[in-house]
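Biologist: Before we discuss this model, I would like each term tied to the rule behind it. Please take the questions one at a time.

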Amino acid sequence: MNTSEERLRNLLIRGLDDEAPAYHAFLMELSAHLRAFFRKRLARLPDEVEDLVQESLLAIHNQRHTYDASQPLTAWVHAIAKYKLVDLLRRRASRELLTDPLDDETDFFSSADSEAAEARRDLGKLLDRLPDRQRLPIVHTKLEGLSVTETARLTGMSESAVKVGVHRGLKALAALIRGES
Amino acid sequence: MKTDDLVMLLATGNGPVERHAAARRYTGAIGLGVVAASLLMVNLLGVRADLAEAIRLPMFWVKFGFVACLTVASLLAALRLSRPGARLDWVPSAFAAPVLIMWVLAAFVLANAEPAQRAELLLGATWAVCPFLIAMLSGPMFVAVLWAMQGLAPTRLRLAGTAAGLLSGTFGALVYCLHCPELEAPFIGSWYLLGMLIPAVTGALLGPRILRW
């Protein structure tokens with residue numbers, strides 16, 4: 001078992017237990033692997049790479065409850081990255097644009113690319129399009145770092161409505177991304 | 001928004017993640033589906049009047065066991081297809097094996113029957129309605145299982161939709177066993193299977209459209 005797999009798996013499992021720094025480290029390192037994976041396979045669509053990295057990060061976060069600790073992390077991450085890439089190519093109706101085979105999951109963590117390009121799509125603008133009951137919980141708890149209780153007091157929403165708002169808001173954000181491209 | 005900012009956003013302010021998400025969702029969907037199918041069966045079709053005698057016949061349990069094996073295989077397939085990167089491995093064979101065994105049994109029964117009886121063994125008295133009644137009973141669970149899957153992360157959408165359909169179809173057939181008077185292997189190997197395949201095909205058609213995430 002390679003060491004990236006072990007380390008990232010460990011970070012994710014701690015992250016799922018609500019250890020924010022571990023989860024942050026996991027997502028940072030993962031974004032470099034995703035970027036390398038997409039850059040290699042989308043050499044003809046270089047402008048799409050960073051958008052796809054962001055879309056995949058959001059998908060991985062929204063779907064993180066489907067990771068089973070007994071499963072190799074490589075397989076899980078690779079399947080999501082591949083799914084998002086195929087989805088993009090289907091939207092573009094252009095599978096020929098693929099410059100590297102998709103199915104080899106074993107080398108997923110062997111390449112990393114930490115040089116982020118500028119994303120073309122601004123997630124901040126998409127966030128503004130969400131309804132207040134989803135946007136405000138995300139802005140307060142995730143951008144301003146307030147607690148759920150503080151957010152509830154500030155917005156007049158109940159604490160469970162705040163939590164639901166964050167959850168549904170991030171899903172709605174993913175749906176907006178799918179819809180616009 | 002820069003990717004680093006997105007990572008910061010995603011990593012901030014989460015609670016612990018929901019545990020056993022797949023198990024919970026499927027338990028809910030299956031519970032709901034079985035109750036709905038049973039209510040439909042009891043109210044619209046009725047439990048077969050001679051059920052107490054029927055359960056003493058080995059063939060009743062062969063039929064029930066056949067459908068139950070397919071149910072387990074479909075459940076395993078649906079669970080695996082709901083999770084990115086999980087492999088199906090031997091699960092399709094676990095679905096195919098009971099079907100093949102039932103077909104061998106059916107061939108044996110037909111081969112040993114008088115030629116004049118063969119049509120009756122195959123068609124029984126209810127062949128024309130059986131598949132549709134099974135599909136009808138599986139309807140509510142079909143919707144519930146697709147809902148459960150939508151909350152997870154299937155990446156092979158056509159297969160996932162098929163598995164959702166098979167799962168609801170096999171449960172529908174399981175409930176239908178309590179109503180259905182037919183016990184002959186040729187009948188079970190054809191019309192029951194067809195009934196379970198109706199939701200499966202529907203799932204295969206709908207999956208790519210409604211399971212996207």
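Modeller: Two residues are in contact if their C-beta atoms, placed from the backbone, lie within 7 Å. By that rule, 27 residues of chain B are in contact with 37 residues of chain A. Note that this is a predicted model.

Biologist: Which helices of chain B each supply at least two residues of the side that touches chain A?

Modeller: Helix H1 (3-11) and helix H2 (21-45) of chain B do. H1(B) gives the most to that side, with 7 residues. By class, the side of chain B that touches chain A has 15 nonpolar, 8 polar and 4 charged residues.

Biologist: Why is H3(A) called roughly parallel to H1(B)?

Modeller: The axes of H3(A) and H1(B) cross at roughly 5° and come within 10 Å. Angles under 35 degrees count as roughly parallel, so H3(A) is roughly parallel to H1(B).

Biologist: Which residues meet there, in H3(A) and in H1(B)?

Modeller: From H3(A) come Glu50(A), Val53(A), Gln54(A), Leu57(A) and His61(A), and from H1(B) come Thr3(B), Leu6(B), Val7(B) and Leu10(B). The contact of H3(A) with H1(B) divides into 5 nonpolar, 3 polar and 1 charged residues.

Biologist: Which residues of H2(A) and H3(A) make the contact?

Modeller: H2(A) brings Leu27(A), Ser31(A), Leu34(A), Arg35(A), Phe38(A) and Arg39(A), while H3(A) brings Val49(A), Leu52(A), Val53(A), Ser56(A) and Leu57(A). Sorted by class, the contact of H2(A) with H3(A) has 7 nonpolar, 2 polar and 2 charged residues. Val53(A) and Leu57(A) are on the H3(A) side of this contact and also among the residues that meet H1(B).

Biologist: How do you know that the radius of gyration of chain A agrees with a compact globule?

Modeller: The rule is 2.2 Å times the number of residues to the power 0.38. For 181 residues a compact globule would have a radius near 16 Å, and chain A has 17 Å, which agrees. Along the principal axes, the C-alpha atoms of chain A fill a box of roughly 50 × 35 × 25 Å. Chain A has 8 helices and 0 strands.

Biologist: How many residues of domain 1 and domain 2 of chain A are in contact?

Modeller: Chain A is divided into domain 1 (3-110) and domain 2 (123-180), with C-alpha centres 24 Å apart. In contact are 6 residues of domain 1 with 6 residues of domain 2. The domain 1 side of that contact has 2 nonpolar, 3 polar and 1 charged residues.

Technical notes:
Residues numbered from 1 in each chain as written. Chains lettered and ligands numbered in written order. Predicted model: local features only at pLDDT ≥ 70, side-chain atom pairs only at ≥ 80, totals over all residues. Domains from an automatic or database assignment. Nonpolar A, V, L, I, M, F, W, Y, C, P; charged D, E, K, R; others polar. Helix = DSSP H or I, 4+ residues; strand = E, 2+ residues; numbered from the N terminus. Axes fitted to C-alpha atoms, helices over the stretch in contact; angles between N-to-C directions. Parallel < 35°, antiparallel > 145°, perpendicular 65-115°, else oblique.
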